[in-house]
Amino acid sequence: MEESNHLSVESIDQDDTDELKITSEQLQILKRERKISSTFYRLFGILLIILSSIIIPLVIITYFYHPGQPDELALLIEQIIGYILAVIGITIGTVLVASAKRLKKEPLVTIEPISNLVDESESEME
C-alpha cells in the first residue's frame, strides 16, 4: 500500500453542516516535516554565517602576505571576490536563520472553506 504525503481533509456531515477534520497522524507528519525543515534552515544558516565570517580574516591576512601573487591587480580582484563571497554567505545565512524562526511561528495548518467556487464557475459560463 502506498502512503501519500499530501494532506487529505475529511468531510464530516453533521446536522447539514460541513466540518473539516484532519487526522492526528497527518498532524504528526506535518509537525515532523516542519521540525526537520526548521532545524535544517537554522543549522545550515549558522554554518554558512560561521564559514563566511572565517573568510573575512583570511582575505585581510592574504592582503599583507601573499608571496605567490606578484600582480597587484590580481590581488585586488582576489580581495574583492573574497569580500563579496563573505557578504553573500552572511546574508544568505541570516535569511535562513530568520526563515527558520518565521517557520516556527506560522500556524501548522490553515483550512479555509471555499464558498464562492460555484458562483465563479457560473459567471464564467455566461
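Q: Among contacts in the protein chain between residues at least 6 apart in sequence, what share join residues at least 24 apart?
A: That share is 65%, where contact means heavy atoms within 4.5 Å. Before we go on, this is a predicted model, so local features need pLDDT of at least 70 and side-chain atom pairs count only at pLDDT 80 or more, while totals for chains, interfaces and linings use all residues. Residues are numbered from 1 along each chain as its sequence is written, and side-chain values use heavy atoms, with hydrogens and water left out.

Q: OK, how many helices and strands in the protein chain?
A: Three helices and two strands, and from the N terminus on the order is β-β-α-α-α. Those are DSSP runs numbered from the N terminus: helices are H or I with at least four residues, strands are E with at least two.

Q: How far does α1 reach from its first C-alpha to its last?
A: 61 Å over 41 residues, close to the 60 Å expected at 1.5 Å a residue. The expected span is 1.5 Å times one less than the number of residues.

Q: And α2?
A: Helix α2 covers residues 72-105, and its 34 residues reach 50 Å, close to the 50 Å expected. At its start, a side-chain oxygen of Asp-71 comes to within 3.5 Å of the backbone nitrogen of Leu-73.

Q: What do the buried residues of α2 pack against?
A: They pack against α1, and the buried residues of α1 pack against α2. On the α2 side the buried residues include Gly-82, Ala-86, Gly-89 and Gly-93; on the α1 side they include Arg-34, Ser-38, Gly-45 and Ser-52. Buried means under 20% relative accessible area, exposed over 50%, and partly exposed in between, with a 1.4 Å probe and protein chains only.

Q: Is Ser-38 buried or exposed?
A: Ser-38 counts as buried because its relative accessibility is 2%. Leaving aside neighbours within four places in sequence, Ser-38 is in contact with Ala-100, Leu-103 and Lys-104.

Q: Another serine, then. Where is Ser-53?
A: Ser-53 is in helix α1, residues 24-64. With 34% relative accessibility, Ser-53 counts as partly exposed. Ser-53 and Gly-89 are 36 residues apart in sequence, and their C-alphas are 8.5 Å apart in space.

Q: Switching to the surface: which residues make the nonpolar patch?
A: Among them are Phe-40, Tyr-41, Phe-44, Ile-50, Ile-54 and Ile-61, and the patch is about 930 Å². Patch residues have over 30% relative accessible area and no salt bridge; like charges are joined within 9 Å, and nonpolar side chains (Val, Leu, Ile, Met, Phe, Trp, Tyr) within 5 Å. Ile-54 lies in helix α1 and is partly exposed because its relative accessible area is 44%.

Q: What does the accessible surface of the whole protein chain come to?
A: About 10600 Å², with 62% of that belonging to carbon and sulfur atoms. Areas come from the Shrake-Rupley method with a 1.4 Å probe, and for residues only the protein chains shown count as cover. Buried residues make up 14% of the 126 residues.

Q: Last one: how many salt bridges?
A: The count is one, using a side-chain nitrogen of Lys or Arg within 4 Å of a carboxyl oxygen of Asp or Glu as the rule. Glu-106 pairs with Arg-102, with the closest N and O atoms 2.6 Å apart.

Key
A polar contact is a pair of N or O atoms within 3.5 Å; within protein, one must be able to donate a hydrogen and the other to accept it, and residues adjacent in sequence count only if both atoms are side-chain atoms.
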